[in-house]
Amino acid sequence: MKIPFNRPYITGKETKYISQAVKFGQLSGDGFFTKKCNQWLVNKIGCQGALLTHSGTAALEMAAILADIRPGDEVIMPSFTFTSTANAFVLRGAIPVFIDIRPDTLNLDERQLKKAITKKTKAIVPVHYAGIGCEMETIMKIAKEYNLLVIEDAAHALSSMYNNKPLGSFGHFAIISFHETKNIHCGEGGALLINDKNYMERAEIIREKGTNRSKFFRGEVNKYSWVDIGSSFLPSEINAAFLWAQMTSEYLIRSSRLDIWEQYHAMFKEPEADRILRRPVIPRNCRHNAHMYYILVATHRKRALVLKHLRDKGYQAIFHYVPLHNSKAGLKFSRSVGKLSNTLDISKRIIRLPLWIGLRKKEIRKMADLALMTLEQ
Ligand SMILES: *Cc1c(COP(=O)(O)O)cnc(C)c1O
């Protein structure tokens, strides 16, 4: 029997809503379901505005345009992240400036921020790894002091909280991903969240191929035309209908995932006390959404062994990220500040375990046992 790393959850309501969208007869973007999804995000996160996009990557690219990132500008971010975090800014001619992560949460280390800031710095992009919040209070304070924009990469972090406030509501902008590997999804999808009303109008224009079509549809102008740069960042109504089904079950999905997360966490409690591995750290002021369960093992060699033993038995555990700063493109387009020793160390020792709804307790036990057997050798 094979246990995949991820199995996208289906609520059962997706096809019903897609049929409805077909019946309504508007299948391009910004119809009934897109509006419902946008509103759900605004209510859930408490942001000023939310715009569905066709991916989290697209939302990052929109954010980079909206932030008016220009050639030579610098954008500070962790190297321990997905390529899109950096790519979106490189596409605007900017230079990603990588700093190290904290050893506890694996999030951007806010203590490394100030020394990475130069005259060219335009923005900071904190990534809430595994849906666990970055130190947003410090990050926002530094951003204010140096007049920088903050773009939260909240791709993992829908419904996670920091200081009792949803992630995605702190930065000037934030992005969410609805890729099928994320908690709720529509295959490929995303959203741009906006926390400063002044950016709302331009965001709509950028998303609508540089036109003021959104204003036209609301009857605010009597024709629409090309007013700015932009691209097509809208998802179709079919995707939005699918996503709406997932949104209406978001609490249930999160609870089921938390249940699995807690099972792993309990099974690895004693081994952590025995210093066989390290479990995720959730700071007191954070509430996470069970996006991911990972363990940190002692050495790179041990990790290879655990992954191999799990795979031999049909369990697809994985690792990530290959640090961006010394990747082929990273060397070409970016620079780093400091040695990034936590990034290098952790990326060699992290193991991500399967976490999806329907994964049975028996299988979770089996994976934990297999991992522990290998680690105790
Ligand atoms: C998933 C992800 C994204 C965006 O991914 P899409 O597949 O484009 O939706 C961005 N940043 C991080 C950290 C991610 O994990």
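**A chat about loops, a ligand and a helix**

Reader: Hi! Where is Val281 found?
Author: Hello! This is a predicted model, and in it Val281 is found in the loop between H10 and S10.

Reader: Is Val281 buried, exposed or partly exposed?
Author: Val281 has a relative accessible area of 30%. Buried would need under 20% and exposed over 50%, so Val281 counts as partly exposed.

Reader: Which residues does Val281 touch, leaving out those up to four places away in sequence?
Author: Val281 touches Asp104, Thr105, Ile132 and Tyr294. Asp104 is 177 residues away along the chain, yet the C-alpha atoms of Val281 and Asp104 are separated by 5.8 Å.

Reader: Nice. New topic: how many residues are around the ligand, and which come nearest?
Author: There are 15 residues around the ligand, and Gly56, Thr57, His156, Ser177 and Lys182 come nearest.

Reader: Which polar side-chain atoms sit by an oxygen or nitrogen atom of the ligand?
Author: An N or O atom in the side chain of Thr57 is 2.4 Å from an oxygen atom of the ligand. Asp153 has a polar side-chain atom 2.8 Å from a ligand nitrogen atom. For Lys182, an N or O atom of the side chain is 3.3 Å from an oxygen atom of the ligand.

Reader: And how much of the ligand's exposed area does the protein bury?
Author: The protein buries 93% of the 380 Å² that the ligand exposes when taken alone.

Reader: Back to Asp153. What about Thr81, which touches it?
Author: Thr81 lies in the loop between strand S2 (74–78) and helix H4 (83–90). Not counting residues up to four places away in sequence, Thr81 touches Val127, Asp153, Tyr321 and Leu324. The side chain of Thr81 also makes a polar contact of 2.8 Å with the side chain of Thr85.

Reader: Is Thr81 buried or exposed?
Author: Thr81 counts as buried, because its relative accessibility is 2%.

Reader: You listed Tyr321 there. What kind of peptide bond joins His320 and Tyr321?
Author: A cis peptide bond, with omega about -15°. Tyr321 is in the loop between H11 and helix H12 (328–333).

Reader: Which residues other than glycine have a positive phi?
Author: Among them are Ala290, with phi near 55°, and Leu340, with phi of about 55°. Ala290 sits in the loop between S10 and strand S11 (293–296), while Leu340 is in the loop between strand S12 (335–336) and helix H13 (341–349).

Reader: Are those two buried or exposed?
Author: Ala290 counts as buried at 0% relative accessibility, and Leu340 is buried with a relative accessible area of 2%.

Reader: Last one: what span should helix H14 have?
Author: Helix H14 (residues 361–376) has 16 residues, so at 1.5 Å a residue it should span 22 Å. The end C-alpha atoms of H14 are 22 Å apart, which agrees.

Reader: Which residues of H14 are buried, and what covers them?
Author: The buried residues of H14 include Glu363, Ile364, Met367 and Ala368. Helix H9 (250–267), helix H10 (269–273) and helix H11 (300–312) are among the elements covering the buried residues of H14.

Note on methods:
Residues are numbered from 1 along each chain as its sequence is written. This is a predicted model: local features need pLDDT of at least 70, side-chain atom pairs count only at pLDDT 80 or more; totals for chains, interfaces and linings use all residues. Side-chain values use heavy atoms; hydrogens and water are left out. Helices (H or I, at least four residues) and strands (E, at least two) are DSSP runs, numbered from the N terminus. The expected span of a helix is 1.5 Å times one less than its number of residues. Buried means under 20% relative accessible area, exposed over 50%, partly exposed in between (1.4 Å probe, protein chains only). Contact means heavy atoms within 4.5 Å. A polar contact is a pair of N or O atoms within 3.5 Å; within protein, one must be able to donate a hydrogen and the other to accept it, and residues adjacent in sequence count only if both atoms are side-chain atoms. A residue is near a molecule or strand if one of its heavy atoms lies within 4 Å of it. Accessible areas come from the Shrake-Rupley method with a 1.4 Å probe; for residues, only the protein chains shown count as cover.
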